[in-house]
Amino acid sequence: MSVLIPLIVILFLILLFIRYLMLNKKDHQHQNTPPCPDSGEFAEKLSTLIQIPTVSWTDHEKTDIKQLIKFQEKLVDLFPLVHEKLEREVPDPYGIVYKWAGSDPLEEPVLFLAHYDVVPAQEQGDESWHHPPFSGIIENGELWGRGTLDIKSQLTFLLETVERLLHEGFQPKRSLYFAFGGDEEISGTNGAQKLAASFKDKGLKFAMIMDEGGVIAQHMLSFLGDKPAALIGLAEKGFVTFKISAHGESGHSSMPPSTGTVVSTLAQGISRICSRRQPSRLTPQIIGMLQGFVPWVPLPLGLVFANLWLFNPLIRLIFAGNKSTDSLIRTSQAFTVIKSGEQENIIPGEASCLVNHRILPGDTIESLKQRHMKKLKGLNLTIEDAGNWPSNDPIKPEKDENQGFYWVKEALKESHPEVVAVPFLVNGSTDSKYYRDLSGQIIRFTPLILNQEDINSIHGINEKVSLENLERALTFYRNLLFKL
């Protein structure tokens with residue numbers, strides 16, 4: 001027995017190292033392709049589009065439709081070859097579709113998505129914009145304004161790339177479609193939802209759909225040091241907001257019922273749900289991400305990432321300690337609104353709250369609802385979809401082997417050879433949810449190198465992008481379109 005135990009330990013360590021060595025293979029790094037030469041003309045085009053305040057408001061009556069139309073019309077001026085050579089449909093102010101016919105009609109087409117609406121650019125407390133948010137000012141190598149990151153830039157990358165390739169006489173092998181929505185920031189029901197329905201009516205299927213999502217994260221993953229990580233979204237969390245309500249008799253506050261008021265009943269329900277977070281697990285995308293980091297992290301951490309069959313509980317414990325990483329391993333729940341009563345001496349007859357969820361792949365709206373109902377058992381509470389925003393279950397790729405991921409990864413090797421490209425799970429809700437029936441491969445990725453400050457400016461203040469970032473992203477899209 002004294003000999004057997006050390007032998008088992010040695011064999012166990014060998015097993016860990018074998019798995020580590022299998023994954024510790026760095027991709028061949030290409031030489032950095034020179035960025036697309038640009039004299040500032042592209043930045044000026046994007047600046048022009050930033051200056052059009054295509055703001056989406058939850059109160060639809062506040063949305064200025066004229067600005068959406070102005071944006072659509074400005075694209076014709078900025079990209080003349082695109083509008084001369086490509087088929088174009090503009091069903092209404094909330095949607096634009098382009099088709100670039102390929103040379104081989106038997107090849108399955110590819111669809112690129114983006115949106116041209118932006119969130120309001122209101123100042124927040126003592127914080128203010130360094131430059132007016134719709135000025136489109138270019139200063140010290142940076143372009144400022146709402147939409148530089150989210151995501152007028154992505155729309156403009158696509159059209160500029162097509163414009164330049166048309167000028168060179170290039171024609172893609174497979175047909176390429178571009179669908180741009182005008183209300184993504186307020187759920188996309190007038191834009192992307194209708195555009196997707198139109199594609200479905202035409203019987204179209206796509207080899208890949210590409211939308212916004214992950215970015216190239218710089219100095220955001222401490223264990224990578226200075227090495228940036230391209231977080232390529234292969235799956236997207238679902239979305240639902242539940243309304244939980246308590247109903248009872250209203251009356252005078254001097255004679256409350258012995259069982260408590262509807263407010264106290266609702267409070268008990270909230271307490272029960274908050275007492276325990278939703279269960280955690282590592283999805284295939286997060287497992288793929290961690291395994292992709294193996295060649296680039298110190299040996300001890302590499303051994304952990306390479307052997308998740310053993311260290312899965314440890315990773316989940318570590319991820320649970322930070323709100324950003326915790327959101328990647330479980331369905332989130334956030335109580336955001338609570339309503340009841342109007343006067344302190346009147347017992348209300350109803351109390352309600354809203355709890356918003358971003359649903360981890362593997363969970364569903366129904367399974368989540370059943371969990372809540374089990375926790376609320378015995379309380380006089382009802383639970384239903386709040387119905388304010390469209391709900392959807394998580395969106396996963398049909399297959400783990402993803403051709404779209406390969407195309408993006410190969411294009412990055414030439415435009416951003418210093419990055420490590422890994423799969424990713426997107427927390428937010430994108431327009432691509434409406435296109436889930438049109439492709440088994442939806443990629444969510446924007447090729448911009450961003451740090452935490454940049455990320456914070458999205459939907460915040462002082463949103464901006466460097467001109468170098470713009471040039472490298474153009475190089476990425478050029479490489480990608482050549483590979484399709």
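Residues are numbered from 1 along each chain as its sequence is written, and side-chain values use heavy atoms, leaving out hydrogens and water. Since the model is predicted, local features need pLDDT of at least 70 and side-chain atom pairs count only at pLDDT 80 or more, while totals for chains, interfaces and linings use all residues.

**The sheet**

Let's start with an open sheet of four strands, ordered β11-β13-β9-β14 with antiparallel pairing. Helices (H or I, at least four residues) and strands (E, at least two) are DSSP runs, numbered from the N terminus, and two strands pair if DSSP finds at least two bridges between them. At the edges stand β11 (332–340) and β14 (381–385); each has a single partner strand, so one side of each lacks a neighbour in the sheet. Ignoring direction, neighbouring strands are turned by 20° against each other on average. β11 pairs with β13 (residues 350–359) over eight bridges, in the antiparallel sense. A334, for instance, has N356 in β13 as its bridge partner.

Helix α7 (residues 262–274) packs on this sheet and touches β9 (238–247), β11, β13 and β14. Contact here means heavy atoms within 4.5 Å. Helix α12 (residues 365–375) lies across β9, β11, β13 and β14, running at about 30° to β9.

**Two crossing helices**

Helix α8 (residues 284–292) packs with helix α10 (residues 308–319) at an angle of about 100°, their axes 12 Å apart. That makes α8 roughly perpendicular to α10 (65 to 115 degrees counts as such). Axes are lines fitted to C-alpha atoms, for helices over the stretch in contact, and angles run from 0 to 180 degrees between N-to-C directions. I286, I287, L290 and Q291 of α8 meet L308, I315 and F319 of α10.

**Aromatic rings**

Rings of Phe, Tyr and Trp (its six-membered ring) pair if their centres lie within 6.5 Å; planes under 30 degrees apart are stacked, over 60 edge-to-face, the rest tilted. The count comes to 16 aromatic pairs.

| Pair | Centre to centre | Between planes | Type |
|---|---|---|---|
| F223 and F293 | 5.4 Å | 65° | edge-to-face |
| F223 and F305 | 5.6 Å | 75° | edge-to-face |

F223 sits in the loop between β7 and β8 and F305 in helix α9, so their pair ties together parts 82 residues apart in sequence. F223 is partly exposed at 26% relative accessibility, whereas F293 is buried at 0%. Buried means under 20% relative accessible area, exposed over 50%, and partly exposed in between (1.4 Å probe, protein chains only).

Note on methods: Parallel < 35°, antiparallel > 145°, perpendicular 65-115°, else oblique.
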